[in-house]
Amino acid sequence: MAYRSFSMFRRIALAILLLLGLGLAEGVRLERRDDSPTDVCARWSHQTAVVGGTIYIYGGQAKTQASQKTNTWNNNFLTLSVGEDWSTSSPKLKGLPIPDGPPPVANGYLWHNNDKIFLYGGLFSDVDPVTAPPAFALWEYDIASGKWNKDDTSVASDSGSSEIQRAAEGAGVSVPGRSLGFYFGGHLDGYTTQGWSQSVPRVYLKSLLEFDMDKKQFRNITKNGLEKAGVPERADGVLVFVPWGNEGVLLAIGGGTNETFSQMNVIDVYDLGTQKWTKQSTDGPTPKYRVNPCAVVASAPDGSSHNVYFFGGQNLVPYAQQLQYDDMYILTVPAFTWIKVDMKDQAVPPARAGHTCDMVGSQMIVIGGYTGQELSCDAPGFYVFDASKLQWTTSYSAEAGGYGSKNGGGVKGGANTYRVPQAVINVVGGNGDGGAKITKPMKQADPDSPIITAGAADYKYTTYLPGPTIAVSTAPDGTVTTSTVTPNPNGNNKGPNIGAIVGGVVGGIVIIVLMLLGGAFWLYKRKIRELRASSGRLPPAVAGGYKKGGEAGLMAAENRHDTIAELPGDGIHRQRRDNTGSSTDLNEMQG
């Protein structure tokens, strides 16, 4: 009987190990997803965000060969390192696992703070395969864990509308260091909104959507000067943040609708302090009106000027004959003067629209863009512009970006790498460190304009921008402190430790197995004691019978045990096949 019990115990333990092993294998297979491709013929209408020493690139459209016309929408997720040097012909790209959940959208926006990224809005595919948009959802990416989750959000009580919709082709911005994001304009149609009939015309927006990343709360700003300032509906423009006044200002530039375009000689200004819109006329050579450009801001080391770099875009008139641009302008604030950048005799990237720009230190990194029909491929599609020297370069410098390549990619302290270029100094005065003499708009300003009622020193927050930059803080006594802030590329943007995760899973399974084996062994010992106690109480005749035929009886019992054991063993194999089949089907559905 002891041998029989031990054999049964051994078979049960083996079955448990098999089941746990299969579960681990299937679980790993379920979690594993293909990495996003890094090599494409062209990419455009994607979304980017700079966090620490990394640029995150999400979705949009891409094609792997010049002739590709379908299946361009994607939810690929990549990173570009700015903590190390690279050439524009071989950027430091890494394909992250293709997300399971966040949809393939184009022309949305990635709000972000120091440790999270939020995917808002975007257009679903309007080419083969055409995709009907689902209900609105906000997706959050936790950088430390490397996980995407669908957020539960709320709407502020003073919001202009209680329901938040998914807009596309609007202009987004994240306010540095304050976990605050904005999305201006855009449109709603059958490719953004669930249940919207394709026979219903597209609706263009002029509202400003605010999102508090800490509270995960929306607020739709639909009044506060929109009508007074005559802010028009528009899509495909840009929105930038400038740390001017108590709370800072937003500048809405460019964009348009199917019928009209926003002129570039008047800029819409939103004051985060008063929560009101005003308009500001500009001076200097005005860019042609356009849609789908990109824009970034670089601040003088002393905060006396903030320079908006404005590149590319396209003119959609006449219909189906759009013209892409390759020119660059600087709008210097607070002078509100346009300066055309002289790029003669430079290797300027091909004209483009629907690209992204990110400022890192003194370098503007341009990614992708639609280049028209003449250029079949734009690979790899990464370009670097030195914003201080006003020169296109063939490589990205971590030193110029504020990250020390000499010390293994770590952070190197020192002065702000951005210097005001001579072309701006010629207009506003001062020098490379700032000292601008023009501190008000060159053209007449609205009496309520924050540009004339406040100044750079009034900004009450510490500003953290990608790369080392100006940090301005105002003490209660009015003392203004200016310093340089350098982000850590190896700080909060670490991905998940795969080795630790796998080790933890395996270790947990080992503990469970040991507990199960220990429990089974305890039951076995208990059963042996019970059998021995029962044997001691048997009548002599029965005891003698066992003794007389003990060996034959034990062999017979063992044979019967083997026959019975085939049933649970066979059941285990059937269960394993069922589990394998179900998991494989589920994995194929997810993949």
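How many disulfides does the rule of cysteine sulfur atoms within 2.5 Å give? The count comes to 2. This is a predicted model, in which local features need pLDDT of at least 70, side-chain atom pairs count only at pLDDT 80 or more, and totals for chains, interfaces and linings use all residues. Residues are numbered from 1 along each chain as its sequence is written, and side-chain values use heavy atoms, with hydrogens and water left out.

Start with the whole protein. It has 8 helices and 35 strands. These are DSSP runs numbered from the N terminus: helices are H or I with at least four residues, strands E with at least two. Of the 591 residues, 49% are buried. Buried means under 20% relative accessible area, exposed over 50%, and partly exposed in between (1.4 Å probe, protein chains only).

Now the disulfides. One joins Cys41 to Cys377, with 1.7 Å from S to S. Cys41 lies in the loop between α1 (2-31) and β1 (42-44), and Cys377 in the loop between β30 (363-367) and β31 (382-386), so the pair ties together parts 336 residues apart in sequence. The link is left-handed, with -105° about the S-S bond. Cys41 is buried at 2% relative accessibility, whereas Cys377 is partly exposed at 30%.

Cys294 and Cys357 form a disulfide, their sulfur atoms 1.7 Å apart. Cys294 sits in strand β23 (residues 294-299) and Cys357 in strand β29 (residues 356-360), so this pair ties together parts 63 residues apart in sequence. Both cysteines are buried. Numbered in sequence order, the bonded cysteines pair 1-4, 2-3.

Next, a hairpin. Strands β27 (residues 328-333) and β28 (residues 337-340) pair in the antiparallel sense over 4 bridges. Pairing requires that DSSP finds at least two bridges between the strands. Ile330 has Ile339 in β28 as its bridge partner. Between the strands are 3 residues, and Phe336 takes a positive phi near 50°.

Ile267 belongs to strand β21 (residues 266-271) and is buried, with a relative accessible area of 1%. Beyond four places in sequence, its contacts include Leu251, Ile253, Leu331, Phe336 and Trp338. Contact means heavy atoms within 4.5 Å.

Last, an open sheet of 5 strands. Its order is β12-β18-β17-β14-β13, with mixed pairing. β12 (154-155) and β13 (171-175) stand at the edges with a single partner strand each, so one side of each has no neighbour in the sheet. Inside, 5 bridges join antiparallel strands β14 (residues 180-184) and β17 (residues 208-212). Gly181 has Phe211 in β17 as its bridge partner.

Definitions and conventions: A disulfide is a pair of cysteine sulfur atoms within 2.5 Å.
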